[in-house]
Amino acid sequence: MDDQLPIKDHVDELFSIEIDGWCYGIQNYPGEIYPGLIHAVIRELAPTYRSAIEHNFPFDIAEVSKRISRAAKYLVHEKEICFSILAHLPNPSTLNEEGQFILAQIIDRVEKKYGGALARLQKKWAWEREQEAA
């Protein structure tokens, strides 16, 4: 398998537009910006993360986290946003082989920047498997 799969359906451009839109919304939010609001935005973006992965777009979580943190006037740290996004990535068991490859690229970047990303996700996925089995 190549190091780079072709991105399908210009999803990289759509992804960037969606992140820009949410950042604009955060910057122009009429009330007080608070961590719960930012985490709600991250949760709302979960289908976007899955779509990016399914369309072979290995987006840079650190870059997305930086943009969201900046939009939130740095009230939520980039690392906190980064790990929150990680928690909303799809379980690899729900992805095809290409999707798993893209997911691994995304996680690997975070692992190199912060460390501990893969261990956290493996615990989460093990817990999800236990819940499904119960």
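Helix α1 passes helix α3 in a left-handed crossing, a crossing being left-handed if the near helix is turned anticlockwise from the far one by less than a right angle, and right-handed if clockwise. The model is predicted, so that local features need pLDDT of at least 70 and side-chain atom pairs count only at pLDDT 80 or more, while totals for chains, interfaces and linings use all residues. Residues are numbered from 1 along each chain as its sequence is written, and side-chain values use heavy atoms, with hydrogens and water left out.

Two packed helices are described by the angle between their axes and the distance between the axes. For α1 and α3 (residues 46-54), the angle is about 160 degrees and the axes are 10 Å apart; the axes are lines fitted to C-alpha atoms, for helices over the stretch in contact, and the angles run from 0 to 180 degrees between N-to-C directions. The two helices are therefore roughly antiparallel to each other, given that angles under 35 degrees count as roughly parallel, over 145 as roughly antiparallel, 65 to 115 as roughly perpendicular and the rest as oblique. Here Val11, Phe15 and Glu18 in α1 meet Thr48, Tyr49, Ser51 and Ala52 in α3.

Helix α1 (residues 11-27) also packs with helix α4 (residues 61-71), at an angle of about 20 degrees and with the axes 8 Å apart, which makes α1 roughly parallel to α4. This crossing of α1 and α4 is right-handed. On the α1 side, the contact (heavy atoms within 4.5 Å) is made by Phe15, Ser16, Ile19, Asp20, Cys23, Ile26 and Gln27, and on the α4 side by Val64, Arg67, Ile68 and Ala71.

In the segment before α1 lie Asp9 and His10. Phi of Asp9 is near 55 degrees, a positive value in a residue other than glycine, and for His10, likewise not a glycine, phi is positive and near 55 degrees. Asp9 counts as exposed at 58% relative accessibility, and His10 counts as exposed at 53%, where exposed means over 50% relative accessible area, buried under 20% and partly exposed in between (1.4 Å probe, protein chains only).

Elsewhere, Glu78 lies in helix α5 (residues 78-87). Glu78 is buried yet has no salt bridge, and the nearest side chain of opposite charge, that of Lys113, is 4.7 Å away; a salt bridge is a side-chain nitrogen of Lys or Arg within 4 Å of a carboxyl oxygen of Asp or Glu. Leaving aside neighbours within four places in sequence, Glu78 is in contact with Ala62, Ser65, Lys66, Ser69 and Tyr114.

Terms used: Helix = DSSP H or I, 4+ residues; strand = E, 2+ residues; numbered from the N terminus. Lys, Arg positive; Asp, Glu negative; His and termini not counted.
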